[in-house]
Amino acid sequence: MLSLIFIGIRLEQQFGFSTLSVPFCSGSVLSSLFIQRSISVGASGALFGLLGAMLSELLTNWTIYTNKAAALITLTVIIVINLAVRILPHVDNFAHIGGFLTGFLLGFVLLLRPQFGWVGRKHLPASARVTSKHKAYQYLFLVIAMVLLIVGFTVGLVMLFRGENGHDHCSWCHYLSCVPTSKWHCGN
C-alpha cells in the first residue's frame, strides 16, 4: 500500500488520473492465462503496472532528469525487491509480470512529455524555427510499444477465449509463480 501511495501520487500529480488509470488496471490477462483454476485478487498487479509505467516514463523522458543514474538505480532496486519478495508460493506473479509489462509499454504511449526548451507555436514569432515537441527516440518507443501492446493483447485474448493454458506453451513458466525450496514445494 505504501508503494501505491508514493508511486501513484507522484505519477497522478504529473500526468493526471485518467492517464494513469490505464496502467493501473493492467496485468489480469496474463494471470488468467496461467492461473486458470484460481481467482486472483489484489492491487499488486496495479502496483507493478505503475512501476512499469514509471520506468518507461524515466526512459522516455530521459533528457528531463538531472540525476538520471540515481533515479534509474532507485527504481530498479524497488522493482527487484518487489519481485524477489513475491516468489513465495501461492502469490500470483503472473499478474505482477503482466502488470509490469503492460504498464511499461503503456508508459511509452501515455506518459510522453515535451522536451526541455520546447515552446508552443503560439508563443513564437511567425518567422521563428519550430523544433519538434518530442525527440525521434520517443516516437520510436511509442510506435514499438503500440505494436507490442496490440499484438500482445490480441494473442492473449485469443488464447484466453479459446481456453488455452499458458503452461502448455511455456514449460518453465511455473517457476515464475513459485520457486520450490527445502521449506515448501510447489503443487500443480
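Tutor: Welcome! In this predicted model, local features need pLDDT of at least 70, side-chain atom pairs count only at pLDDT 80 or more, and totals for chains, interfaces and linings use all residues. Residues are numbered from 1 along each chain as its sequence is written, and side-chain values use heavy atoms, leaving out hydrogens and water.

Student: What is the confidence of the chain, and where is it lowest and highest?

Tutor: pLDDT, the predictor's confidence in each residue from 0 to 100, averages 78 over the chain, and 80% of the residues score at least 70. Helix 2 (residues 17-24) is lowest at a mean of 68, and helix 7 highest at 89.

Student: Why are helix 6 and helix 7 called oblique to each other?

Tutor: Their packing angle is about 140°, with axes 8 Å apart. Angles under 35 degrees count as roughly parallel, over 145 as roughly antiparallel, 65 to 115 as roughly perpendicular and the rest as oblique, so helix 6 and helix 7 are oblique.

Student: What makes up the contact of helix 6 with helix 7?

Tutor: Contact means heavy atoms within 4.5 Å. Among the residues that meet are Leu 105 and Val 109 in helix 6, and Leu 142 and Phe 153 in helix 7. The contact divides into 11 nonpolar, 1 polar and no charged residues.

Student: Why is the pair of Phe 104 and Phe 108 called edge-to-face?

Tutor: Rings pair if their centres lie within 6.5 Å; planes under 30 degrees apart count as stacked, over 60 as edge-to-face and the rest as tilted. Phe 104 and Phe 108 lie 4.9 Å centre to centre with 80° between the planes, hence edge-to-face.

Definitions and conventions. Axes fitted to C-alpha atoms, helices over the stretch in contact; angles between N-to-C directions. Helix = DSSP H or I, 4+ residues; strand = E, 2+ residues; numbered from the N terminus. Nonpolar A, V, L, I, M, F, W, Y, C, P; charged D, E, K, R; others polar. Phe/Tyr/Trp six-rings, centres within 6.5 Å; stacked < 30°, edge-to-face > 60°.
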